[in-house]
Amino acid sequence: MNTNIGITEANRQAVANQLAKLLADEFVLYTKTRNAHWNVEGPDFHSMHLFFESQYNQLDEIMDSVAERIRTLGHYAPATLKSFLSLTHLTEYSERDNDSLGFIKELLGDHESIIEFIRGNIEPFANTYKDAGTSDYITGLLEEHEKMAWMLRAHYKK
């Protein structure tokens with residue numbers, strides 16, 4: 001059955017392609033946040049273990065919603081590790097210590113990268129591809145990532 005939602009197939013495809021990249025970024029960030037949760041060490045272990053858990057739970061919900069948005073547009077969401085690694089803008093791993101600040105610095109950089117990617121797609125989704133719904137949707141994601149980044153950044157204050 002065709003997807004008739006007032007957006008051309010070419011525009012839906014273009015938006016879905018960008019959302020697939022976003023989904024890949026979300027998955028890689030989710031995995032890196034899980035890594036932080038599992039492997040953080042130091043005197044703040046317990047509080048950071050719980051903090052990273054709350055962040056990966058948020059990312060899990062975000063991933064699901066991005067995949068569902070792709071499906072709403074009539075396309076299939078990528079769902080393999082190989083596809084995620086080929087689509088992501090993020091690096092899978094960087095050298096750092098397993099202390100909380102090492103993980104926080106890496107995760108913060110990834111959130112900021114996703115924020116820039118999302119911000120760069122808000123206007124094209126709405127105006128170029130005539131998809132106000134997805135533009136509005138990713139604006140909400142932008143706000144979620146900004147808040148998560150703020151939470152990470154706040155750990156650097158003395």
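Met 48 touches Val 40, Ser 100, Ile 104 and His 155, with residues up to four places away in sequence not counted; contact here is heavy atoms within 4.5 Å. The model is predicted: local features need pLDDT of at least 70, side-chain atom pairs count only at pLDDT 80 or more, and totals for chains, interfaces and linings use all residues. Residues are numbered from 1 along each chain as its sequence is written, and side-chain values use heavy atoms, with hydrogens and water left out. Helices (H or I, at least four residues) and strands (E, at least two) are DSSP runs numbered from the N terminus.

**Annotated domain**

- A UniProt record, an unreviewed entry, places the feature "domain: Ferritin/DPS" at residues 17-157; UniProt positions follow the numbering used here, feature names are shortened, and annotations may be inferred rather than shown by experiment.
- Residues 17-157 are 77% helix and 0% strand, and the end C-alpha atoms of this span lie 38 Å apart.

**Helix H2**

- Helix H2 covers residues 45-72, which is 28 residues.
- From its first C-alpha to its last, H2 reaches 40 Å, close to the expected 40 Å, where the expected span is 1.5 Å times one less than the number of residues.
- Buried residues of H2 include Phe 51, Phe 52, Gln 55, Tyr 56, Ile 62 and Arg 69; buried means under 20% relative accessible area, exposed over 50%, and partly exposed in between (1.4 Å probe, protein chains only).
- Among the elements covering the buried residues of H2 are helix H1 (9-39), helix H4 (100-128) and helix H5 (132-153).
- Met 48 lies in H2 and counts as buried because its relative accessibility is 3%.
- Met 48 and Lys 32 are 16 residues apart in sequence, and their C-alpha atoms are 14 Å apart in space.
- Just after H2, Gly 74 takes a positive phi of about 90°.

**Leu 59 and His 111**

- Leu 59 is found in H2, and it counts as buried because its relative accessibility is 0%.
- Leaving aside neighbours within four places in sequence, Leu 59 is in contact with Glu 26, Leu 29, Tyr 30, Thr 33, His 111, His 145 and Met 148.
- His 111 is found in H4 and likewise counts as buried, at 0% relative accessibility.
- The contacts of His 111, not counting residues up to four places away in sequence, are Leu 29, Gln 55, Leu 59, His 145, Met 148, Ala 149 and Leu 152.

**Phe 27**

- Phe 27 lies in H1 and counts as partly exposed because its relative accessibility is 22%.
- Not counting residues up to four places away in sequence, Phe 27 touches Met 63, Leu 81 and Phe 84.
- Phe 27 and Leu 59 are 32 residues apart in sequence and 7.9 Å apart in space, C-alpha to C-alpha.
- Phe 27 and Leu 101 are 74 residues apart along the chain, and their C-alpha atoms are separated by 21 Å.

**Nonpolar core**

- The largest nonpolar core has 40 residues, of which Leu 19, Leu 22, Phe 52, Val 66, Ile 138 and Leu 141 touch the most other members.
- H1, H2, H4 and H5 each supply at least two residues of this core.
- A nonpolar core is a set of buried Ala, Val, Leu, Ile, Met, Phe, Trp, Tyr and Cys residues joined through side-chain atoms within 4.5 Å.
- Leu 19 is in contact with Val 66, Arg 69, Ile 70, Leu 73, Phe 125, Thr 134 and Ile 138, leaving aside neighbours within four places in sequence.

**Largest pocket**

- The largest pocket holds about 220 Å³ of space, a volume being the space filled by probe spheres set on grid points joined across faces, edges and corners.
- A pocket is an open set of points on a 1 Å grid over the protein atoms alone, where a 1.4 Å probe fits, with protein on both sides within 12 Å along at least five of seven lines; lining residues have an atom within 4 Å of a point.
- Its lining has 13 residues, and Val 28, Thr 31, Lys 32, Leu 85 and Glu 92 lie nearest the centre of the pocket.
- H1, helix H3 (81-87) and H4 are the elements that give two or more residues to this lining, and H1 gives the largest share, five residues.

**Asn 11 and Lys 130**

- Asn 11 is found in H1 and is buried, with a relative accessible area of 16%.
- Asn 11 touches Thr 128, Tyr 129 and Lys 130, not counting residues up to four places away in sequence.
- Lys 130 lies in the loop between H4 and H5 and is exposed, with a relative accessible area of 56%.
- Although Lys 130 is not a glycine, it has a positive phi of about 55°.
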